[in-house]
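Please look over the following structure together with its sequence before reading the notes. They are arranged by topic, from the whole chain down to single side-chain pairs.

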Amino acid sequence: MAAEKTCNPTGYFFICVEYWRGFVYNGSTMLVKIKTFSLLGIDAVPVDVEVDCADMGIPKTILVGLPETVVKESTFRIERALENSGFFNPIHRTIINLAPADLPKQAASFDLPISLGLLAGSGQLPATVLNQFAVVGELALDGTMRPIKGALSIALSARELGIKHLIVPSENASEAAVVENLNVIPISCLNEAVGFLNGEIEIEPVASVDLSIFEQLSESEHDFSDVRGQESAKRAMTVAAAGGHNMLMIGPPGTGKTMLAKRFGTVLPKLSLSESLETTRVFSVLGYLKGDVPLIATRPFREPHHTISEAGLVGGGSPPNPGEISLAHNGVLFLDELPEFNRRTLEVLRQPLEDGTVTIARVAQTSTFPANFILIAALNPCPCGYRNDPRRQCRCSTFQIERYINRISGPLLDRIDIHIEVPPVDYAELSTAAPGTSSADIRTQVLAARKIQAERFAKSKIRYNADMSHRQIVNYCKLDEHGHSILKTSMEDFGLSARAHDKILRIARTIADLDHSANITSMHLYEAINYRTLDRKLWK
């Protein structure tokens with residue numbers, strides 16, 4: 001009995017043959033294999049969907065290969081999608097295996113490969129054509145495609161395996177097409193996929209993304225010239241941006257700490273394509289990418305609320321998912337009102353700040369996520385916010401101040417390179433018409449300093465002064481006798497740790513780079529030490 005079916009999203013019209021439910025197989029067994037992928041953290045792991053339709057046994061569909069609940073439920077979605085698209089479901093014993101069997105499968109992206117496998121196994125689609133493609137996609141009950149997570153990671157993995165053609169939902173096509181040397185076929189519904197594989201319709205691969213998107217999306221509405229006064233804070237941010245240093249700002253409410261932090265990204269170098277791919281992968285696996293923006297073209301700025309959990313900040317769950325620090329990879333993580341965060345939540349930042357990655361261990365698996373970000377933190381000097389403010393009187397007791405400040409541990413502070421005070425701005429500076437230092441001016445200095453670092457670390461894996469190892473510090477941060485004397489006196493007077501000693505030298509190296517100086521002078525060292533004294537003054 002013939003029936004006409006329409007693919008609503010594209011308007012394609014197909015004539016499909018609808019078989020009676022009493023269809024009888026000819027006694028043969030059909031085994032079909034289709035390539036697809038499963039997400040493991042931010043990586044895509046190859047999976048073979050094996051469908052065996054046999055004319056024997058009790059009519060039943062069995063799904064094996066460690067499928068999670070969302071994959072187990074796919075059999076119900078697929079059954080209705082096939083019927084509503086004009087195809088029939090195999091009525092005899094069907095076994096669907098997702099290999100490798102010891103890898104948990106948990107994404108709805110298996111819907112389309114399983115459906116095509118059932119169609120090929122029951123003779124409704126030539127099985128040989130499936131060998132040339134990898135397939136991913138979630139099906140709605142009417143057979144239309146729904147977007148999936150992690151299309152970029154899947155496309156990257158497909159290219160590494162030498163796969164030439166990848167079938168994806170139309171909404172994910174531009175994201176997957178970022179990967180070169182891979183033909184990405186956009187599909188809107190199941191009928192369209194079958195028509196394409198049967199050769200009934202032609203679908204052109206999606207063109208690779210135009211890299212001019214970086215220029216279009218890299219413009220920002222923020223600029224440092226919007227901030228009146230605070231030139232010393234802008235100088236500290238210039239140093240932080242030039243060397244990739246973490247930064248802590250302390251000051252009363254309303255002094256511009258948040259304004260400064262939100263403009264920090266405007267002075268950083270533009271994202272390179274490789275950096276963009278690294279960052280986009282994290283957003284992709286979490287489903288945070290917008291359909292019309294296939295790549296993250298600007299450095300991410302993440303500003304989590306202080307009620308965030310440990311898993312929300314660094315990642316977690318089972319299986320593990322990336323957290324805010326991975327979403328801030330190659331960008332900025334801004335923690336406002338730092339003491340209001342749970343102390344235990346802040347302590348989990350210690351290892352990522354040192355290593356640039358975070359490892360989440362579970363019984364079933366261990367996942368490592370990128371977390372190379374610049375931390376910008378801000379806090380008030382006391383609970384009321386007006387300690388040392390010449391305009392307002394502080395109402396906090398000594399005990400309240402100590403309890404407030406002690407929410408931040410010394411080891412965490414040691415990992416933050418630069419500490420500065422952001423004082424109130426007087427009326428004369430606020431009312432002046434003269435613009436302050438602009439983002440363009442600061443970016444020029446930052447780019448020049450980073451060019452020096454790129455040449456210095458050309459044969460190394462690190463990119464910035466903030467990442468220098470102790471051995472590299474010895475090689476690139478040499479001091480004269482007077483410099484050693486200054487640093488020794490400062491460490492004894494302020495009780496600085498060995499970690500603070502290395503950070504002072506890294507900061508001094510960055511300041512020297514901003515001055516285009518091959519040697520670290522006493523002035524560079526004095527400025528670097530000044531950025532490490534504020535925490536000692538407050539915490540004592």
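The model is a predicted one. Its protein chain contains 23 helices and 20 strands, and the C-alpha atoms occupy a box of roughly 90 × 45 × 45 Å along the principal axes.

**Overall build**

- Of the 540 residues in the protein chain, 53% are buried, while the accessible surface of the chain amounts to about 24,500 Å², with carbon and sulfur atoms contributing 51% of that area.
- When contacts between residues at least 6 apart in sequence are considered, 74% of them join residues that are at least 24 apart.

- Ser-438 sits in the loop that runs between helix H17 (427-431) and helix H18 (439-456), and it counts as buried because its relative accessibility is 17%, where the cut-off for buried is under 20%.
- Leaving aside residues up to four places away in sequence, Ser-438 touches Asp-223, Phe-224 and Ser-225.

**Salt bridges**

- Side chains of opposite charge can pair when their charged atoms come close, and the structure holds 18 salt bridges.
- One of these joins the side chains of Glu-340 and Arg-407, with an N to O distance of 3.6 Å; the pair links distant parts of the chain, 67 residues apart, with Glu-340 in the loop between strand S16 (332-335) and helix H13 (343-347) and Arg-407 in the loop between helix H15 (398-405) and helix H16 (410-414).
- Glu-340 is partly exposed, at a relative accessible area of 36%, and Arg-407 is likewise partly exposed, at 31%.
- Asp-414 and Arg-532 form a salt bridge through their side chains at 3.3 Å, N to O; Asp-414 belongs to helix H16 and Arg-532 to the loop between helix H22 (522-530) and helix H23 (534-539), so this pair ties together parts that are 118 residues apart in sequence.
- Both Asp-414 and Arg-532 are buried.
- The side chains of Arg-456 and Asp-513 meet in a salt bridge at 2.7 Å, N to O; since Arg-456 lies in helix H18 and Asp-513 in helix H21 (residues 498-514), the pair ties together parts 57 residues apart in sequence.
- Arg-456 is buried, with a relative accessible area of 18%, and Asp-513 counts as buried at 1% relative accessibility.

Conventions:
Residues are numbered from 1 along each chain as its sequence is written. This is a predicted model: local features need pLDDT of at least 70, side-chain atom pairs count only at pLDDT 80 or more; totals for chains, interfaces and linings use all residues. Side-chain values use heavy atoms; hydrogens and water are left out. Helices (H or I, at least four residues) and strands (E, at least two) are DSSP runs, numbered from the N terminus. Buried means under 20% relative accessible area, exposed over 50%, partly exposed in between (1.4 Å probe, protein chains only). Contact means heavy atoms within 4.5 Å. Accessible areas come from the Shrake-Rupley method with a 1.4 Å probe; for residues, only the protein chains shown count as cover. A salt bridge is a side-chain nitrogen of Lys or Arg within 4 Å of a carboxyl oxygen of Asp or Glu.
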